[in-house]
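Hi,

Here is the structure I promised to pass on. Have a look first, and then read on for what turned up in it.

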Amino acid sequence: MTVCFSKASARRSLLVSFGERYTLLLFGVAGTMIIARILPPSEIGIFSIGAVLVGLAQVLRDFGVGQYVVASKTLTPDQLRAVLGVSVCSAWTLAGLVALLSGMTADFYDEPRLRDVMRLLALNFVLLPFTALTLSYLRRQLRVSGIYIINTTHSLVQLVSTVWLAACGYGCLSLAWGTVAAAVAGLLVSLPLRPADLPWRPSLQGARAVIGFGFYATGGNLVDEAGVAAPDLIIGKLLDAEAVATFGKAQALLNLFSQAVTSAVSPVILPMFARQARDGQDFRTSYLLTVSCMTAVAWPFFALLGTLALPTVNFVYGPQWDGAAPLIRIMCCSSALYSMFIMARYLFIATGHVREQARLDTLSVAFRVALLLPAALFGLYWVALAVAGSVVIRSWLTWGYLSRLAEINAADLLRAVRQSAALTLLTTLAPIGALFMMKSGPVQLMVASICAVSLWLVGVVIFRHPLAEELELAWRKVARRNAT
């Protein structure tokens, strides 16, 4: 199928992708708020340790085949069978290894229930290859409606089953069983949406090309995932499961931007960059426009979250998680900085610089671990400082790669974000005013959020931000519908 990446089609794809991500975000936040009030931090911490360990294996399970399907210039039936063959072999092998090593891991962390958590999570590996291939192929074709249905069903089943099991007293196992139920539901709902030309029979013939691409893509993804998992794993060993849960709650609120924006944009951005690279088009302009739009949302978001961290934590998780608030304040600034470079990964992959991306990931994670290990000896506050420092280093490294590989220099980036900076200064007046004029609580958070959104909308128009065109288009559509 030939996909036309016109501005209109890209806009439609982004709208559906954002709809999917906000639906998933709604389910995720609802589940987090409920589970945080049912399960104690120690139970959530045990699952978190198992989840980050299995998350490392999850990267190996995919072995870069999802990116290969999206970015490959041609995709024949033999290539698809090879993709499925590589995916099945890696997934089923890793399922056995995770189950086999679950006992040793439980002994290492001195948490017996971690054994059962990891074994349940290993079941997902048996089911995921077929669903993952369907999703990757739909993403290549930008059939975002099918992706919406599969992922929404997966998330809804996980929410309902996890909450029900937690209420029944299954503790940390309720979170693990919820992931298994979601994997089964995702596979079942993907069957009628599966394109007819996708093979069911895996093959290793022609797998060398898939493995060659996947070796570097997986290496980079694995190292990057190790960097994400490092704080939880180090905290779990040097501190305790409750500290893991507290840090995880802080990280979860910071990740709301990634879940609401980055994960919605990336399924469209990667195929778009890949198509532009194949056609010899100028992808620099597209990347800088993406940076401008990302920072216009990210910077005000992190400014609002950092300023009102405590009432946000109280509202989402409850007062028993207040320890997460100071960690959020520390990490907000570095997260805002990295939003300028968060889409660079997809640019490098789309333009064939997979090895360079792997090197970037390796250097970034090496710095992160080097900072985290001594920091964890002094407590969560220092862990947050170490994470923030590692993100600053990663941003600096990414800028260097952008300058060398894509000829995007500092002046280009500054021009792309200057309107976002002005927009952020205007928007931040709302949380700062609420902080000094109102008592901390849900009302303060609500008023600040409403005022911040209002100021943001005004600022987009006043500063003539590139997002103004999209807002104007949306307003015209609403006006036409009201007129009819």
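Predicted model: local features only at pLDDT ≥ 70, side-chain atom pairs only at ≥ 80, totals over all residues.

**Aromatic pairs**

The model has six aromatic pairs, and one of them joins Phe348 to Tyr401. That pair is tilted, with 6.5 Å from centre to centre and 55 degrees between the planes. Phe348 belongs to helix α14 (residues 344-350) and Tyr401 to helix α16, so the pair ties together parts that are 53 residues apart in sequence. Tyr401 counts as buried too, at 12% relative accessibility; the cut-off for that is under 20%.

Arg404 lies over the face of Tyr401, and the distance to the ring centre is 5.2 Å. Elsewhere, Lys249 does something of the kind with Trp321: the charged end of Lys249 sits over the ring, 5.3 Å from its centre.

The patch is on the surface and consists of Leu238, Leu239, Leu373, Leu377, Phe378, Tyr381, Trp382 and Leu385. Together these residues have about 820 Å² of accessible area.

Two details are worth a click here. Phe378, Tyr381 and Trp382, which are listed in the patch, also form one aromatic cluster. Leu377 sits in the loop between α15 (354-375) and α16, and Leu377 is exposed, with a relative accessible area of 60%.

**Cysteines**

How many disulfides did the count come to? It came to zero. Take Cys332, which is in no disulfide: the nearest cysteine sulfur belongs to Cys333 and is 7.0 Å away. Cys332 is buried, at 4% relative accessibility, whereas Cys89 counts as partly exposed, at 39%.

**Loops to look at**

Most residues other than glycine have a negative phi. With that in mind, check Asp110, where phi is positive, near 55 degrees. Asp110 is in the loop between α4 (77-109) and α5 (113-140), and it is exposed, with a relative accessible area of 62%.

Arg464 also has a positive phi although it is not a glycine, at about 55 degrees. You will find Arg464 in the loop between α19 (442-462) and α20 (467-483), and at 71% relative accessibility it counts as exposed.

Last stop: Leu204, in the loop between α7 (172-190) and α8 (207-238). Leu204 counts as exposed, at 54% relative accessibility.

Cheers

Notes
Residues numbered from 1 in each chain as written. Heavy atoms only, no water. Patch = residues over 30% accessible without salt bridge, like charges linked within 9 Å, V, L, I, M, F, W, Y side chains within 5 Å. Areas by Shrake-Rupley, 256 points an atom, 1.4 Å probe, with all protein chains shown as cover. Salt bridge = Lys/Arg side-chain N within 4 Å of Asp/Glu carboxyl O. Helix = DSSP H or I, 4+ residues; strand = E, 2+ residues; numbered from the N terminus. Buried < 20%, exposed > 50% of the residue type's maximum accessible area, 1.4 Å probe, protein only. Phe/Tyr/Trp six-rings, centres within 6.5 Å; stacked < 30°, edge-to-face > 60°. Lys NZ or Arg CZ within 6 Å of the ring centre and 35° of its normal. Disulfide = S-S within 2.5 Å.
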